[in-house]
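Dear colleague,

Please find below the structure that I am handing over to you, followed by a summary of what was found in it.

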Amino acid sequence: MSQILVADLNTQTPAHGEITRDLVVGGASIGLAIVGAVAHITQGGRLHDDFGAEPGPALLPELLLTALLVVGGLLVLRGFLAKRSERTEHAAQPVATALAHPDPSEADMPARALSVLLTTIVFALLQTVFGFGVTAVLLGATLCAALGWSEQRALLRSAFEGGAIAGILYLTFRYLLSVPLT
């Protein structure tokens, strides 16, 4: 049984474009986290002074920068590991075979990026009408449903998961950390 699982894992290697994307996005995330941390530190803790004993708003930059740094590090690690396994596979695989099977999902990547941007702009405008909490849940549900559709997953389940994640994040920041989200 374990040999079958290992064999399945070995045949599911990411495409070269995915590896490059992981390395670039991971590196950019780490760089953005470092720049944000430097900017936050050079403020001299002004956020902590402004909010006094209330840690929510002052803690938000540290939480987001830490999450950005961790996710960026994981993407870079995944990219390096995939690059390493790709190198060993290419030694045994002819170049013509590798080039003959391009990844079809990368062809519509610019259209997907544009649709995410436009959807986010529309929901930013709707925020003034419905408020941040409702809009965040709707945006999460819409974006996850679109992602689920492109990955051929169940739409309702994807939308529910996206809305639930956005709702939990909203409730955590609004009520647990006391961040005044509008």
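**Threonine 135 and its surroundings**

Leaving aside residues up to four places away in sequence, threonine 135 touches Phe123, Leu126, Gln127 and Phe130. Please note that this is a predicted model. Threonine 135 itself belongs to helix α7. Its relative accessibility is 6%, and threonine 135 therefore counts as buried, the cut-off being under 20%. Its side chain also reaches the backbone oxygen of glycine 131, at 2.7 Å.

**Helix α7**

Helix α7 covers residues 132-150, 19 residues in total. From its first C-alpha to its last it reaches 27 Å, close to the 27 Å expected at 1.5 Å a residue. Threonine 135 is one of the buried residues of α7, a set that also includes Gly133, Ala136, Leu139, Gly140, Ala141, Ala145 and Gly148. After α7 comes glutamine 152, which has a positive phi, near 60°.

**A nonpolar surface patch**

Which residues form a nonpolar patch on the surface? They are Leu114, Leu117, Leu118, Ile121 and Leu125, and together they have about 490 Å² of accessible area. Of these, leucine 114 lies in helix α6, which spans residues 109-130. Leucine 114 counts as partly exposed because its relative accessibility is 49%, and the class of exposed residues begins over 50%.

With kind regards

Key: Residues numbered from 1 in each chain as written. Predicted model: local features only at pLDDT ≥ 70, side-chain atom pairs only at ≥ 80, totals over all residues. Heavy atoms only, no water. Patch = residues over 30% accessible without salt bridge, like charges linked within 9 Å, V, L, I, M, F, W, Y side chains within 5 Å. Areas by Shrake-Rupley, 256 points an atom, 1.4 Å probe, with all protein chains shown as cover. Salt bridge = Lys/Arg side-chain N within 4 Å of Asp/Glu carboxyl O. Helix = DSSP H or I, 4+ residues; strand = E, 2+ residues; numbered from the N terminus. Buried < 20%, exposed > 50% of the residue type's maximum accessible area, 1.4 Å probe, protein only. Expected span 1.5 Å × (residues − 1). Polar contact = N/O pair within 3.5 Å; in protein donor to acceptor, adjacent residues only side chain to side chain. Contact = heavy atoms within 4.5 Å.
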